[in-house]
Amino acid sequence: MNNLTILLSAAIMTMTVSCGPKEKADLVIINGKVLTIDKENPTAEAMAVRGERIIAVGTTSSISRLILKGKTEVIDAHGRLVLPGFNDAHVHFGPLDPDFIELRYTTDPTVLTEKVKKQVAKTKPGVLIEGGHWEHEMFIGKKWPTKELIDKVSPDNPVILERADGHSVLVNSYVLNKSGITKNTRDPFGGEIQKDSLTGEPTGILKEKAVDLIITENTKPGRTPEEQEAIIWKGYLLALKEAREYGVTSVQIPGKADFGAYEKLQKEGLLTCRVDIGEFLTGDSTELLKFLQEKLKFPPDSNWIRFGYLKVFIDGTIGSGTALMFKPFADNPKSSGLEMMPYETYEKMVIKADKMGFQIGTHAIGDKGNFWVLNAYEKAQQVNGKRDSRHRTEHAQTLQSSDITRFSQLGVIPSMQPTHCITDKRFYEKRVGFERCKEAYAWRSLLNSGATLAFGTDYPVEPLNPMEGLYAAVTRKDRLGEKGEGWFPEQKLTMEEAIKYYTLGSAYAQFMENRKGMIKAGYLADIVITDKDLLTIPETEIMKTKVDYTITGGKVVYASGK
Ligand SMILES: [Zn+2]
């Protein structure tokens, strides 16, 4: 369906209120406080859905006329808040592995020892043990963990534990030995083998491209292919369940994921959120042509499984000290971060893929990294001509002031994750210094300059729960609700703005703002009802807010207490 057909059918549907049974609704929500995110009609009490689309938005009495007894499902919202479904614009969504060692929010590093020991006890020798989401800035002492923490409990198993940002890993000596990484191994381009300052021995921390040095051939999967398949399938179901419970009705996966798995889930009626999947940006024409075929198979005008954008990394992260900065880090004057490739290589790839009509999303966190990305997108416009490309900068965390306005000028989308701000602010100032923090997570500055933000979580780097993101966007305070005005409070957003970027903003980033992200006649019926009124509750209540109903494509896929 094109734009015009959607508009026309929407108009016809609104006109036919109170007609015969075939115009009646399949589902209505009445007595709600509906925040539509539609600026022409910002609030309403009720809405009606037929099939997978919203057919009318209005007052409870007008919508009630569309109820056909025995046919229409009626949800009485009892005054609760009704919103468009959340659309996570940057989420590493995928099957959850039950054997993965979860280390999020760990403050005592010896917990790593304990948890690895437990997992080793139920694992055959030689089988890979994986875990992650640890964050040394949360540890008592704030020191990087070392292999000694896990070596003694894992003599016969390879262990790989990812840092929360996914840009560094802690491995044990087993992995170092099998991979031939010693004190004499040199850092690869774009990577760092952390070494002990006294002995020169690898500490077990591998950053960025040094992770590619790990040889995993010697590690057996430890499961039969059938067992593995069953676990992955279960993992998808678990992930989808989590998304439903949090009111997430759309996910945009950066880079590669398994199209086939989502097709199978959809065929079996188990897919409860819409999925965009991408590929990784490359300069290889054959690969790019293959991606074009994929894009044809999962075209932009489909609504459930779509080909998204081409992902690429230009730098690392602030947490790992690998973001590409103009000037050295305040707490490490020897380093200005790491570039993942030379600028010229990156620019060439961008121009080529842009010419073929792809949308590109580049991970950029440092101020120089972001500068490069904007330069390359600008260059592509000059070479290939300006089009509605909506290239994206994933994270856009640290910007030099002169780059702020370039986002709207170039039509580039800052795809940002509010929770990163409240997680990283604990060490941001220490690492980059006060001055550079002024345009960090610069939501308000970007918004004022006319940019359209897209919000997400970067899950599993941060939790999937959108309430944490909304809380972060409106408070810029830690999760314990510290006193004061928040970190660089001038960059805070209002709740309504935060919700808008988490719904309509994210839809815009995937070229779907004409059918998703608003509660409006003709739009896809992706809707959430929350148990608290996010617009009026004190900030301490935001993260405690739960979703009572999640509706995707007109179907109730989650109802609390059921
Ligand atoms: Zn990410």
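A crossing of two helices counts as right-handed if the near helix is turned clockwise from the far one by less than a right angle, and as left-handed if anticlockwise. In this predicted model, H16 passes H17 in a right-handed crossing, and the passage of H9 across H10 is likewise right-handed. Two packed helices are described by the angle between their axes and the distance between the axes, and the table gives both values for each pair.

| Helix pair | Angle between axes | Distance between axes |
|---|---|---|
| H9 (residues 343-355) and H10 (residues 367-384) | about 45° | 9 Å |
| H16 (residues 466-475) and H17 (residues 495-509) | about 135° | 9 Å |

On the H16 side, Pro-466, Gly-469, Leu-470, Ala-473 and Val-474 make the contact, and they meet Met-495, Ala-498, Ile-499 and Tyr-502 of H17. Sorted by class, this contact has 8 nonpolar residues, 1 polar residue and no charged residues.

The contact between H9 and H10 involves, among others, Tyr-343, Glu-347 and Lys-355 of H9 together with Trp-372, Lys-379 and Asn-384 of H10, and by class it has 10 nonpolar, 2 polar and 4 charged residues.

Turning to the strands, 6 of them form an open sheet with mixed pairing, in the order E3-E2-E7-E22-E23-E24. Its edge strands, E3 (43-44) and E24 (555-559), each pair on one side only. E3 pairs with E2 (residues 33-35) in the antiparallel sense over 2 bridges, and Val-34 stands opposite Ala-44 in E3.

Conventions
Residues are numbered from 1 along each chain as its sequence is written. This is a predicted model: local features need pLDDT of at least 70, side-chain atom pairs count only at pLDDT 80 or more; totals for chains, interfaces and linings use all residues. Side-chain values use heavy atoms; hydrogens and water are left out. Two strands pair if DSSP finds at least two bridges between them. Helices (H or I, at least four residues) and strands (E, at least two) are DSSP runs, numbered from the N terminus. Axes are lines fitted to C-alpha atoms, for helices over the stretch in contact, and angles run from 0 to 180 degrees between N-to-C directions. Contact means heavy atoms within 4.5 Å. Ala, Val, Leu, Ile, Met, Phe, Trp, Tyr, Cys and Pro count as nonpolar, Asp, Glu, Lys and Arg as charged, and the others, Gly among them, as polar.
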